[in-house]
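Hi there,

Here is the structure I promised to pass on. Have a look at it first, and then read on for what I found.

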Amino acid sequence: MRKYSVFAIAREAMRGHKGWEQQWTSPEPRKDYEVLIIGAGGHGLATAYYLAKEHGITDIAVLEKGWLGGGNTGRNTTIIRSNYLYDESAGIYNHALNLWDGLSQDLNYNVMYSPRGVMMLAHNVHDVQVLKRHVHANRLNGVPNDWLTPEEAKEFCPPLNISKQARYPIVGAALQRKGGTARHDAVAWGYARAASARGVHIIQNCEVTAIRRSSNGHVIGVDTNRGPIGAKKIGVVAAGHTSVLMEMAGVRMPLESYPLQALVSEPVKPCFPCVVMSNTVHAYISQSDKGELVIGAGTDQYISYSQTGGLHIINHTLDAICEMFPMFARMKMLRSWGGIVDVTPDRSPILAKTPVPGLYVNCGWGTGGFKATPGSGNVFAHTIANDNPHPINAPFTLERFRTGRLIDEAAAAAVAH
Ligand code: FAD
Ligand code: PYC
């Protein structure tokens, strides 16, 4: 694979950009692989990349029913932070944050990670207590998080309305300065390109319709709309459709799938310097490098596999945005869309072996898995390669819903509560 560099850009500029290669190859599926990953979202592609890079396993196919990155990876509002409550979460989300730091260099692909600060607003005494508890817990785990007065919050984010007459008054805020955003498509494309360069097969338009097992229960492969494909190990990384796939192997998952929506405005000049989230009123906002305001809502209140949500949900979010940032009241919204998020009872993910030998699952990221993409792929690759979890994902088992050893992140999961 040719390296992207300033010299490559200059060379291509001189010859009309005719020499660029395909970013990843699209091979026909082989009969058998050592590892199959189901789902070419960020987590599945990152898993394949780290399997190849860190564990020397390159006989891998990533099977995707649609197009690469077309699931939640390409539909999210790209917020990155690690300000969760429990030690286990600090472990995994900080592992991801550390990897975001050098990801563009590692992949030789600009993922546009922008640590511009994520500020979470408190509107009432309960919010203050919850957010301060998070600030203290984060600091104990070495995760810098600052408590701000309303005036300090406004200084950090000038468009914020801190009037005491506001319908949602701001009474304080928690600020993780190292939080921010990255370009979601670039994350999927960067991992796909780097995995493909190491020999991984990325097979799009290939829907898995069955998971096949031998008489002793071990996985032996899958059926797809492009024929059967054999494998020694299978990783299911299918976000909102995880339950459907796991059912094919006879495993019932503790997951509910909900629509979650987002929308973008017409582009405007840079005016919004950070990311702001208000969990109480279900609204979050940042500005993309193109200038669009990127706005997200809460989950719909009903379970569904339809990638669209209720209009009243985004209406409520826009009401809240206009209340908190009155200067946006006359902006026009350009596009809205939905994704299907996979929510666990404790709002923490599952990255684990399963009761089926050779079958592994990475799911339950719900409304908040984009931020975890590099860390999740990294430790899930370890789990598949060693048939044993990495110490960082060891607590995120499937069994915890039987034993009761939950990691309850409902408050930190922000929109998934
Ligand atoms: P996906 O990207 O969904 O990939 C799973 C893939 O599996 C899909 O491409 C799908 O087509 C494929 N698949 C499913 N079934 C099959 C099958 N039978 N055969 C083959 N392939 C199959 N997280 C954050 O951290 N920050 C945010 O700001 C944020 N905002 C969000 C906003 C919205 C509107 C949504 C919907 C989500 C948001 N999230 C956010 C959550 C985040 O997007 C997800 O947790 C994350 O992208 C999940 O990545 P993934 O790779 O596991 O899943
Ligand atoms: O988990 O940070 C998050 C998030 C923001 C918007 C949706 N999820």
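Two strands count as paired if DSSP finds at least two bridges between them. Please keep in mind that this is a predicted model. Strand 4 (residues 118-122) and strand 6 (residues 172-176) pair over 5 bridges, in the antiparallel sense.

Both strands belong to an open sheet of 8 strands with mixed pairing, in the order 5-6-4-13-14-15-12-16. Strand 5 (146-148) and strand 16 stand at its edges with a single partner strand each, so one side of each has no neighbour in the sheet. From one strand to the next, the twist averages 20°.

Now for ligand 1. Where does ligand 1 lie relative to domain 1 and domain 2? Domain 1 (30-109 + 183-254 + 346-411) and domain 2 (118-179 + 257-343) both give residues to the shell around ligand 1, so it lies between them. Of the 36 residues around the ligand, E64, N72, T73, T77 and G369 come nearest. By type, the shell divides into 14 nonpolar, 17 polar and 5 charged residues.

An oxygen atom of ligand 1 is 2.8 Å from a polar backbone atom of G369, while nitrogen atoms of the ligand lie 3.0 Å from one of V208 and 3.1 Å from a backbone N or O atom of T367. On its own, ligand 1 has 1,000 Å² of accessible area, and the protein covers 96% of this. Helix 2 (42-55), strand 12 (256-267) and strand 16 (333-343) are the elements that give two or more residues to the shell; strand 12 gives the most, with 3 residues.

Best wishes

Conventions: Residues are numbered from 1 along each chain as its sequence is written. Chains are lettered from A and ligands numbered from 1 in the order in which they are written. This is a predicted model: local features need pLDDT of at least 70, side-chain atom pairs count only at pLDDT 80 or more; totals for chains, interfaces and linings use all residues. Side-chain values use heavy atoms; hydrogens and water are left out. A residue is near a molecule or strand if one of its heavy atoms lies within 4 Å of it. A polar contact is a pair of N or O atoms within 3.5 Å; within protein, one must be able to donate a hydrogen and the other to accept it, and residues adjacent in sequence count only if both atoms are side-chain atoms. Accessible areas come from the Shrake-Rupley method with a 1.4 Å probe; for residues, only the protein chains shown count as cover. Helices (H or I, at least four residues) and strands (E, at least two) are DSSP runs, numbered from the N terminus. Ala, Val, Leu, Ile, Met, Phe, Trp, Tyr, Cys and Pro count as nonpolar, Asp, Glu, Lys and Arg as charged, and the others, Gly among them, as polar. Domain bounds come from an automatic or database domain assignment. Axes are lines fitted to C-alpha atoms, for helices over the stretch in contact, and angles run from 0 to 180 degrees between N-to-C directions.
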